Amino acid sequence: MDVFYEKIMRPILFTQNPELAHDLALKAMYTVSVVPPLRAVMEYLNLVKTEKPIKLFGLDFPNRVGLAAGFDKEATVWRAAAAFGFGHTEIGTITRFKQPGNPKPRLFRYPYAEAVVNSCGFPNDGAEAIAKRLGAVLDKNRAITKKCPLGVNIGKSKITPLEEAAEDYLFSFNTLADYADFFVINVSSPNTPELRKLQGANFLPNLLGAVKTANEDRAKKLGCPKIPIILKIAPDLTFADIDAILSILFELGLDGICATNTTITRTDPKMETKGGMSGKPLFEKSLEIVSYIAKATEGKLPIIGVGGITDVERAGQMVNAGASLVQIYTGMIYRGPFYARSLANSLLWRDKNWL
C-alpha cells in the first residue's frame with residue numbers, strides 16, 4: 001500500500017495545491033470517522049498492538065506511533081486515527097478564540113527534500129466550538145479514546161497579548177478538559193507572533209503553573225485523576241534554554257515533553273522563508289534534542305519524539321535516543337495514509353528483539 005501511494009497516488013496529489021490536498025485527505029478520513037462498520041474493519045486490519053499496552057502518563061497506548069498536532073486542527077477526523085494504524089492522536093492546535101490563521105498560501109511542499117514549510121498560524125474554530133464537537137461524540141461513548149488516546153494541543157490566540165497568555169491557555173484547558181486524555185501546551189510554533197517567547201523564564205513558570213493549579217483543582221473537585229500535561233518545545237533552542245525549561249518542568253512536576261515543533265532554519269535558500277519547516281531535514285536536530293533531554297533527565301521525563309521521521313530507521317533512532325512515543329505528520333504526506341502502521345510494526349519488531 002505504501003508503494004502504491006508513493007508511485008501512483010502521491011504524484012497525483014502533488015499536482016494539487018498543498019492545502020487542497022490536505023483537505024482531500026481530511027475528507028477521506030472523515031468518511032472513515034463517521035461510518036462505524038468501515039472504521040471497525042480498518043482498525044482490525046491496521047491497528048498494530050503491542051503484547052502489553054505501552055503505559056505512559058497513566059495511559060495505555062496500543063503502539064508507539066501517534067498523529068501529530070496540525071493535521072486534525074478542528075477535531076473532525078480523530079476517530080479514524082486507529083483505523084490508519086495510529087496508537088494515539090493529537091488534535092489542534094486549538095486556541096481560545098476562533099481564528100482563520102495566516103493568509104494563504106501558507107503551505108509549501110519540497111519533494112526533493114521530503115520537507116514542508118507551513119505558516120498556518122493555528123486556524124481553528126475556537127475552544128468552545130471544538131469542545132461541543134468532541135462532546136457530541138465522547139459524551140455518548142468515551143470508550144473510543146481508551147483504545148487510541150486523544151491528546152489536545154492548545155496554544156495562544158493571535159489577538160491575546162503575551163501578558164494575558166496564561167488566561168488564554170487556562171480558558172482552553174478548562175473548556176476542553178472533559179475530553180482530553182492528555183494536554184500538550186504549545187508555546188513553540190513560529191507562526192504566531194512572539195509565541196516562542198512563552199518558552200522563556202519570564203512567562204513559562206506562570207503559564208504552566210496556572211494550568212497545573214487548574215488541573216489539580218479540577219481533579220479535587222471531580223474526584224478524578226489529573227490530566228497529564230506535556231510541553232511542546234521548539235528545535236531552535238540552545239541547550240541552556242532546554243536546561244532552563246527542564247528545571248521548570250521538574251519544579252512544577254509536569255508529566256512530559258514533546259520534542260520538537262517545526263524549525264525556522266532552512267536547509268535550502270529556495271525554501272519559503274515564512275513559517276516552520278518540517279520533514280526529513282528537521283530530523284537530526286529533533287533527534288539531538290530528544291537525546292539531550294533523555295540524558296539530562298536520566299530518562300526520568302517521558303518524551304514524545306517528533307520531527308522528520310520519514311522512514312522506519314529514523315523511528316527506531318528516535319526511540320533509541322529516549323523517546324517513549326513518536327509522532328508523524330509530514331512523513332505521512334510523503335509515505336502515505338498507512339505509514340503509521342508500517343512504523344508501528346517496525347517498532348514492535350524492534351521492541352521484541354531489543355534492537
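Morning, everyone. A word of caution at the start: the model is predicted.

Let's start with the sheet. Three strands build an open sheet, and the order is β5-β6-β11. The pairing is antiparallel. Which strands sit at the edges? They are β5, residues 107-110, and β11, residues 276-279. Each of these two pairs on one side only. Neighbouring strands are turned against each other by 20° on average, ignoring direction.

Now look at strand β6, residues 115-118. Four bridges join β6 to β11, and the two run antiparallel. For a landmark, find Val117. Opposite Val117 stands Met277 in β11. As background, strands of a sheet pair through backbone hydrogen bonds, either parallel or antiparallel.

Glu19 belongs to helix α2, which covers residues 18-33. Is Glu19 buried or exposed? Its relative accessibility is 15%. The cut-off for buried is under 20%, so Glu19 counts as buried. What does Glu19 touch, beyond neighbours within four places in sequence? It is in contact with Lys104, Arg106 and Leu107.

On to empty space. Rolling a probe the size of a water molecule over the atoms shows where such space is left. How many cavities of 30 Å³ or more does the structure hold? One. The largest cavity has about 50 Å³ of space. Its lining is Glu43, Trp78, Arg79, Ala82, Thr89, Ile144, Thr145, Lys147 and Cys148. Helix α5 gives the largest share of that lining, three residues. By class, the lining has four nonpolar, two polar and three charged residues.

Last, a pocket. The second largest pocket has a volume of about 380 Å³. Its lining takes in 18 residues. Which of them lie nearest the centre? Those are Leu59, Arg142, Lys146, Ala180 and Asp181. Two elements give two or more residues to this lining: β2, residues 59-61, and α5, residues 144-147. The lining of this pocket divides into nine nonpolar, two polar and seven charged residues.

Before we stop, one link to take back to the model. Thanks.

Methods:
Residues are numbered from 1 along each chain as its sequence is written. This is a predicted model: local features need pLDDT of at least 70, side-chain atom pairs count only at pLDDT 80 or more; totals for chains, interfaces and linings use all residues. Side-chain values use heavy atoms; hydrogens and water are left out. On a 1 Å grid over the protein atoms alone, a cavity is a set of points where a 1.4 Å probe fits but cannot get out, and a pocket is an open set with protein on both sides within 12 Å along at least five of seven lines; lining residues have an atom within 4 Å of a point. Grid points are joined across faces, edges and corners, and a volume is the space filled by probe spheres set on the points. Ala, Val, Leu, Ile, Met, Phe, Trp, Tyr, Cys and Pro count as nonpolar, Asp, Glu, Lys and Arg as charged, and the others, Gly among them, as polar. Buried means under 20% relative accessible area, exposed over 50%, partly exposed in between (1.4 Å probe, protein chains only). Contact means heavy atoms within 4.5 Å. Two strands pair if DSSP finds at least two bridges between them. Axes are lines fitted to C-alpha atoms, for helices over the stretch in contact, and angles run from 0 to 180 degrees between N-to-C directions.
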